[in-house]
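Q: I have a structure to go through for class. Could you take me through it step by step?

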Amino acid sequence: MYEARYLRIKGLFRQLCPLTKFIYVLLTIASIAITIDLAALLVILIINMSLWIASRIPAAVFKNFAKPLLFPIVFFFVTSSFLYGGGDQTPLLVIGHLRPWGSFIDIGVVTLGAFLFAWSIVLRLLNLVVAIPLLTHTTSPTEFAGMLHKLKLPYSIIYTLVIGLRMVPVVQGRFRDIRDAQALRGYDRRKLPLKEKIKTGYGYIPLVAPAILTLMSDSREIDMTMRSRAFGAPIERTFLEEVKMRTIDYVMVALFVVVLAFAIVVRFFYPLAPMLGLPQM
Amino acid sequence: MTSPIIEVHNLSFSYPRGPKALRDINLTVKKGEIVAVMGRNGAGKTTLCYCLTGIIPNIIFGDYDGTVKIAEMNPLENDVYEIATKVALVRQVPDTQLITPYLRMEVAFGPENLGLPRDEILRRIKWALSVTRLEGLEYRAPEELSGGQKQRAALAAGLAMLPDIFILDEPTSQLDSIGTMEFFSLIKELNEKYGKTVFITTHKTEEIVRIADRIYLLDKGEIVAEGTPSEICGKVELLKKIGVKVPQISELFHRLKKEKGINVEKIPITVEEAASMLRKLIENGVISIKTPKRKESLGKMEKKPIIEVKDISFAYPGEPPVEALKNVNIQIYEGEFLALIGQNGSGKTTLAKILVNLLTPNEGKVLFRGVDISKYDVAEIAKRVGFILQNPDYQIFNLSVEEEIAFGLKNLRLPEEEIKKRIKEVMDVFNLTKLRSAFPLSLSFGDRKKVAVASVIAMNPEVVILDEPTTGQDLEGRYSIVKLAKELNKKGKTIIMITHDMDLVAEYADRVVALGMGEVLIVGSPREVFSRPQQLRKTYISPPQITQLAQKMKSYGIPPDILSVDEMLDVIHIARG
């Protein structure tokens, strides 16, 4: 399973204010949402990958993050190839002719426009795969908390998120132990007869019930721990990491704004693909 | 060490709809003292800690009577966060005390909540981590720390609040011997070097008597005795009555006095002290040493192996992979009681999980009655090898004890009549008949553990593996589960017990396998294994206290492989003339 684990790497993004990184992710999402131009998406991907390299994030992170997205990427690529009806209608692959309910889209044919559109989806997702770890892997949870505080999120919500981050490995470990404990009593959810499956919530009750019960008891203990470390004291809290924009942050935000502007211009005024001789999507 | 920093007067407390958890408690702790509270589970130790830290009555409500004054504050008037500026609390379970994703944030959490300036917080983080010897681990996630490191991290988080007092509620109950030693030495340092007052509850008598100034004994919510460690260790009958472990050397001197009429100046609390006293008694001609001939026990040669571990290697995946077992070869014989010992991380649980197919070795194989177990799935293996995990709550989910025990039997698709028969049998053996309809989660930890064990035993496996059956348990709890295991062993079951408790190993095991750094270090009878303290040290294990004493007294003719107080008494004779 993918873990958004903070890496203490000395690189470009590590030096940036968490707020800058947050703005970067938001603007990247906006940029890739606005443009469908294949060439523009490729340019944005190259920029993002350059930032990745400058931030010295190991390639293994890309692998880990991309792995769970592999199925959605392939799924969207295949469905878009067959279902997208716009752009250049030159057929690339014909496996039959099928127009359900008299639709104008022939879902048995992959057209050049649909093929390019499918690639634009892949490029969008790849941009996300590159952009998100730039925030998550270069920002410590303390900086994250400081950033959310700067964004005026209430402190109780910030700590709910922080504890959530802490509890992910705890819950994973707990679930593994419970699964082992029940397996050791001969329990195999997959081998249950249908009647038993229905009775035990598709076989999940013996696994989920102990997890919920033990986590409920943990939550009371966690509450005690927090309160005995002055959580909730009527004092203005300090956030360890000071969230302060410096010159490099302003320069980087300017760069991200330029990328967004580029996406808007390409989308609405000067499509890049035709200029490069690529067919319309 | 003069003025009282904790004063409790006539404190009584009852949880809603519960019996009295504390009755008329009166105690005083002076500034700079280390005071321990001992008593069986349910005696009121945790409730007392909650009262001192203000969790009762500010977070947990109930009938509260009496007064508590701690660091000039009163929990009835001061909120938990105010008390937290002077009083730090460390509890049993590390996972619920480390609440943030990494250590630096954990230590900063309290000072941040107090609104301290950033520079001050950074200074405190540095100091707290250095005092708790956790420097360099600032960016480690809790799951990347060892058990001992986790408890020290919880201590560091409390230390960063700059408290005057530490309230420690069984802080070492989940730690192995090295973790416990590290933790207690740190407590002593905090006390001596920084003048911190420590109030600690524990079951670990042998370790706490080395550092405590005074000990209170608590039973059924009442203080039944108070004194110095030596005074308390002298109250052997009382300690036994209220379920507190008597250090073996204290018991020895108590019995020398009572049974042999030897005049002992005081009850020793450390092995060194006991050795020195024993030497004096010998040199003064009060006692002499005569070694009786010991009957040699029949070796393992007569028995057939039931499990054979052949060339097993295992590494947990990661970058780089974490090597847990290296070329391990063990034979486990039918009907034996085998103890698997070693420090945390030595590979004991990994090996046990391989024996039941929960983990697949990278190399080697395990044979059960000559058949490679990789042919079986976990459920198939469970019919032959029962594995009881440490925490019973990870398996309990049914609404009654009876249903909980029936769960495994139904999974085996046994006929209804057979299920009923087996439930009755295990309920009788485990003394659970009265609790047949009880909601398992409402039972005490000891009883929940019994239910978990019973539900596995009902499946009638030939081999039973107990993973740390004594963790978090008091004296009675420790013995009740292991005695049951011994009963099952007498009926022919093969028992494999993973444990850090060397007293139990000495008393119950036929054979011991000591693991260290994933390798088999020593195999032999408890007598053979404990006779090699140098090798045991590699896996941070010390022989039982009485064996250590015997080893120190070897030059006086005491056999160095003595395992019990009875054996030691057998070699000590009153000198004639």
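Q: What radius of gyration would a compact globule with 577 residues have, and what does chain B have?
A: A compact globule with 577 residues would have a radius of gyration near 25 Å, and chain B agrees, with 25 Å. The radius is taken over C-alpha atoms, and the globule rule is 2.2 Å times the number of residues to the power 0.38. Please note that this is a predicted model: local features need pLDDT of at least 70, side-chain atom pairs count only at pLDDT 80 or more, and totals for chains, interfaces and linings use all residues. Residues are numbered from 1 along each chain as its sequence is written, while chains are lettered from A and ligands numbered from 1 in the order in which they are written.

Q: How many helices and strands are there in chain B?
A: Chain B has 23 helices and 21 strands. These are DSSP runs numbered from the N terminus, helices being H or I with at least four residues and strands being E with at least two.

Q: At what angle do helix 17 and helix 18 of chain B pack?
A: Helix 17 of chain B and helix 18 (residues 475-490) of chain B pack at about 20 degrees, with their axes 10 Å apart. The axes are lines fitted to C-alpha atoms over the stretch in contact, and angles run from 0 to 180 degrees between N-to-C directions. Helix 17 and helix 18 of chain B are therefore roughly parallel, a term for angles under 35 degrees.

Q: Which residues of helix 17 of chain B make the contact?
A: They are Gly446(B), Lys449(B), Val453(B) and Ile457(B). Contact here requires C-beta atoms, placed from the backbone, to lie within 7 Å.

Q: New topic. How do strand 8 and strand 9 of chain B pair?
A: Strand 8 (residues 214-219) and strand 9 (residues 222-227) of chain B pair in the antiparallel sense over five bridges; pairing requires that DSSP finds at least two bridges. The two strands of chain B form a hairpin with two residues between them, and Lys220(B) in the turn has a positive phi of about 45 degrees.

Q: And what stands opposite Tyr216(B)?
A: Glu226(B), in strand 9 of chain B, stands opposite Tyr216(B).

Q: In what order do the four strands of the open sheet come?
A: The order is 12-11-14-15 (chain B), and the pairing is antiparallel. Strand 12 (322-333) and strand 15 (371-372) of chain B stand at the edges with a single partner strand each, so one side of each has no neighbour in the sheet.

Q: How many residues does each chain bring to the contact between A and B?
A: Chain B brings 53 residues and chain A brings 46 residues. Helix 4 of chain B supplies the largest share of the chain B side, seven residues.

Conventions: Two residues are in contact if their C-beta atoms, placed from the backbone, lie within 7 Å. Angles under 35 degrees count as roughly parallel, over 145 as roughly antiparallel, 65 to 115 as roughly perpendicular and the rest as oblique.
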